[in-house]
Amino acid sequence: MTQDELKTLVGQAALAYVLPGSVVGVGTGSTVNKFIDALGTIKHQIKGAVSSSVASTERLQALGIAVFDAADVDELAVYIDGADEIDHAGYMIKGGGAALTREKIVAAQARQFVCIADASKLVTTLGAFPLPVEVVPMAVKRIAKQFAAMGGVATVRMKAGTPMVTDNGQHILDVRGLKITDPLGFEASVNNWPGVVTVGVFAFQKASLCLLATGAGVKTLIFPQSNLEADT
Ligand code: 5RP
């Protein structure tokens, strides 16, 4: 199977986690696009969605799915999103599509985070994928130096020759060369740096389960939550 076919498979499998009559939390990316397309086939069975990006909102609305503001929805039963990397505890790197801030916000509103990914995303240790960090532009240089002190090389993500601007009007640093062996500690620490809007390590908002598309079908990985994660 091609990677695109694996994404379609897992996007369709995620429908099993959508509760009839509910508002669904929807992530961003090429795998989620497959899920959105599948959601379109059962759109009359749901109330609508809370979306994590302008791109996903446009795709949902084009299919006739109502999109609600996150602030108007108390709690979501489920948030469904992809990942750039996921480890065997459900910790993830996200933000390859630059939507990490809204993704973390919507994920925090959900009782369950269902990660949908193809098997290439499963890793032992996070960090081979360049870590996206959304930052306030005036802090870019100093934050890059802080990553350099940890052995990381941070570069500003560019689009058409200028720094890419996120849905929130900020910039993205992509950090290479990190080995993230303590995702909870790493996320907590980088979150404290002035100018960091969101770090693309999802440890406090880790996956509850992962639907992993493999050549042999969809595997379900279930990740128990520790007390520390549950407290946040
Ligand atoms: C967007 C994300 C995506 O979930 C992540 O980049 C995976 O994308 P894809 O499904 O296209 O591989 O975090 O900010």
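Author: Happy to! The shell around the ligand is made up of 8 polar, 6 charged and 3 nonpolar residues (Ala, Val, Leu, Ile, Met, Phe, Trp, Tyr, Cys and Pro count as nonpolar, Asp, Glu, Lys and Arg as charged, and the others, Gly among them, as polar). This is a predicted model, in which local features need pLDDT of at least 70 and side-chain atom pairs pLDDT 80 or more, while totals for chains, interfaces and linings use all residues. Numbering starts from 1 along each chain as its sequence is written, and side-chain values use heavy atoms, without hydrogens or water.

In total, 17 residues surround the ligand (a heavy atom within 4 Å), and the closest are S30, T31, D84, G95 and K121.

Now to the polar contacts (N or O pairs within 3.5 Å). T31 places a polar side-chain atom 2.6 Å from a ligand oxygen, and K121 has a polar side-chain atom 2.7 Å from an oxygen of the ligand. From A98 comes a polar backbone atom, 3.5 Å from a ligand oxygen. On its own the ligand has 370 Å² of accessible area (Shrake-Rupley, 1.4 Å probe), and the protein covers 91% of that area.

The ligand sits in the second largest pocket (more than half of its atoms within 2 Å of the pocket's grid points; a pocket is an open set of points on a 1 Å grid where a 1.4 Å probe fits, with protein on both sides within 12 Å along at least five of seven lines).

As for the strands (DSSP E runs of at least two residues, paired by at least two bridges), three form an open antiparallel sheet, β5-β6-β14. β5 (85-86) and β14 (201-202) are its edges, each with a single partner, so one side of each has no neighbour in the sheet. β6 (residues 92-93) is joined to β14 by 2 bridges, with I93 partnered by V201.

Technical notes: Polar contact = N/O pair within 3.5 Å; in protein donor to acceptor, adjacent residues only side chain to side chain. 1 Å grid on protein atoms, 1.4 Å probe; cavity = no way out; pocket = protein on both sides within 12 Å on 5 of 7 lines; lining within 4 Å. Helix = DSSP H or I, 4+ residues; strand = E, 2+ residues; numbered from the N terminus.
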